[in-house]
Amino acid sequence: MTPHAPRPALRPLDEALAELLSHAKALPGTEHVSTFDADGRVLAQDLVSALQVPPQDNSSMDGYALRCADAAQPGALLPVLQRIPAGGVAHALVPGSAARIFTGAPIPPGADAVVMQEDCELVAGDPAQVRVLKAPPAGQWIRRAGEDIQRGATVLQQGQRLSPAALGLAASIGLAQLPVAPRPKVALFSTGDELVMPGQVPPERMLPGSIYNSNRFFLRALLARLGCTVTDLGIVPDDRQATIAALQSAAQHHDLIVTSGGVSVGEEDHIKPAVQALGELSLWQIAMKPGKPFAYGCIDTPDAPCHFIGLPGNPVSSFVTFVLLVRPFVLSLQGATDTAMQSIAARADFTWARADKRREFLRVRRNAAGGLDLFENQSSGVLTSTVWADGLVDNPAGQTIARGDEVRFVGLGALIG
Ligand code: AMP
Ligand code: MG
């Protein structure tokens with residue numbers, strides 16, 4: 001009998017992540033895409049404003065623009081000599097008069113305050129007059145030119161990921177197109193002879209030992225949300241030659257290959273020797289739970305080497321290692337500067353008595369009382385937990401949790417898009 005290989009030392013997550021990211025050099029090139037289509041993309045250049053926003057002083061209320069000096073006493077009566085809608089042109093205010101004005105309209109030169117219409121009475125006549133019931137302070141209801149953005153200001157920075165709000169901000173300085181990093185080309189495949197595709201066999205005819213391929217669905221969706229172009233290569237059987245062939249062909253046309261399953265060190269785990277045959281592999285057993293088996297490597301090609309990441313097969317392990325490791329990796333390939341996982345202090349409304357040797361990421365959900373509830377089954381095969389949860393508790397190795405303890409909460413919302 002051949003002895004099993006000795007167990008490799010587990011790598012701390014932070015160390016593994018730092019090493020992983022040291023390989024994730026930004027892909028070359030810049031694309032110019034319509035601002036409409038840039039959601040989720042990473043900016044390839046700083047965006048500098050060629051104008052000030054707002055472009056001129058304007059009203060933040062529907063009402064009357066006037067000079068404070070003309071309405072220093074409550075009840076002042078002023079003739080209304082112009083009407084300025086949003087998009088209209090303002091003429092200099094005649095001293096002693098008021099201008100009817102609407103939200104967003106330019107403040108007429110000479111006016112130094114706006115009185116909202118609710119604080120006025122209109123007196124019919126030719127011209128109509130306005131009675132100003134309350135004396136306004138200088139500057140009231142005026143939005144100042146440039147109070148949002150100064151001309152020459154950098155409004156968004158290279159490496160920033162574009163959110164819907166950022167698209168609006170870019171549009172507010174007149175940009176119809178944005179320079180963004182190219183999409184990483186990612187090949188995805190699942191390994192496992194037990195895997196069956198939904199639709200291929202109906203539930204009542206599933207053979208014993210078969211399971212549906214769930215990882216393929218969430219990995220593909222997660223990659224797409226992160227701006228990747230995904231080539232889905234389906235299921236590769238647990239076979240050395242088939243695995244080598246799949247990796248070799250995918251490496252020619254992609255920046256990264258992501259696989260799930262087969263990355264442990266059993267006889268049916270072919271990923272490790274296959275990557276070693278084609279390039280270099282650093283197989284990491286990471287000191288985290290779920291998600292111990294994880295591999296990074298490179299596959300040689302005639303051009304640039306193709307990155308390789310092997311995720312564990314257990315669905316929850318696959319999901320958690322994706323959000324904590326693959327996500328920052330693919331964002332870094334796009335030059336993103338802020339990929340670090342953020343955690344906040346939160347109160348545990350549960351107990352966790354089983355301290356583990358590994359750093360754990362427990363599936364939890366915020367409750368209305370401001371605390372965290374724990375999903376009852378924390379097994380790495382229970383995918384239900386990842387749908388139920390809105391976050392993970394980052395629990396240090398060797399730590400139990402008592403009800404009321406302060407823990408570190410990592411929101412999943414920010415990690416899945
Ligand atoms: P492995 O990492 O290949 O040893 O797989 C570990 C566990 O995850 C096994 O129980 C597999 O059946 C399961 N598994 C592997 N790949 C998938 C997948 N794509 N979808 C659902 N479960 C999977
Ligand atoms: Mg397997």
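This is a predicted model: local features need pLDDT of at least 70, side-chain atom pairs count only at pLDDT 80 or more; totals for chains, interfaces and linings use all residues.
A crossing of two helices is called right-handed if the near helix is turned clockwise from the far one by less than a right angle.

Let me start with helix α6, which covers residues 315-333. Helix α1, residues 13-22, packs with α6 at an angle of about 25°, and the two axes are 10 Å apart. Angles under 35 degrees count as roughly parallel, and so α1 is described as roughly parallel to α6.

How do α4 and α5 cross? The axes of α4, residues 240-253, and α5, residues 271-278, come within 9 Å and cross at roughly 50°, and these two helices are therefore oblique to each other. The handedness of the crossing of α4 and α5 is right-handed.

Let me now turn to ligand 1, which is surrounded by 14 residues, with Glu-194, Asn-213, Ser-214, Gly-262 and Gly-313 as the closest. By residue class, the shell around ligand 1 consists of four nonpolar, nine polar and one charged.

Some of the contacts can be described atom by atom. In the side chain of Asn-213, an N or O atom is 2.8 Å from a nitrogen atom of ligand 1. Asn-215 contributes through its backbone, where an N or O atom lies 3.4 Å from a nitrogen atom of the ligand. With Gly-313 the backbone is again involved, and here an N or O atom lies 3.1 Å from an oxygen atom of ligand 1. As for cover, ligand 1 on its own has 480 Å² of accessible area, and the protein covers 77% of that.

Finally, I would like to go through some features of the backbone. As a reminder, most residues other than glycine have a negative phi, and most peptide bonds are trans.

Which residues are joined by a cis peptide bond in the loop that holds Pro-127? They are Asp-126 and Pro-127, with omega at about 0°, and the loop in question runs between β8, residues 120-123, and β9, residues 129-132. A cis peptide bond also joins Lys-289 and Pro-290, where omega is likewise about 0°; Pro-290 has its place in the loop between β19, residues 288-289, and β20, residues 293-299.

Trp-141 is found in the loop between β9 and β10, the latter being residues 142-143.

Note on methods
Residues are numbered from 1 along each chain as its sequence is written. Chains are lettered from A and ligands numbered from 1 in the order in which they are written. Side-chain values use heavy atoms; hydrogens and water are left out. A residue is near a molecule or strand if one of its heavy atoms lies within 4 Å of it. A polar contact is a pair of N or O atoms within 3.5 Å; within protein, one must be able to donate a hydrogen and the other to accept it, and residues adjacent in sequence count only if both atoms are side-chain atoms. Accessible areas come from the Shrake-Rupley method with a 1.4 Å probe; for residues, only the protein chains shown count as cover. Ala, Val, Leu, Ile, Met, Phe, Trp, Tyr, Cys and Pro count as nonpolar, Asp, Glu, Lys and Arg as charged, and the others, Gly among them, as polar. Axes are lines fitted to C-alpha atoms, for helices over the stretch in contact, and angles run from 0 to 180 degrees between N-to-C directions. Helices (H or I, at least four residues) and strands (E, at least two) are DSSP runs, numbered from the N terminus. Angles under 35 degrees count as roughly parallel, over 145 as roughly antiparallel, 65 to 115 as roughly perpendicular and the rest as oblique.
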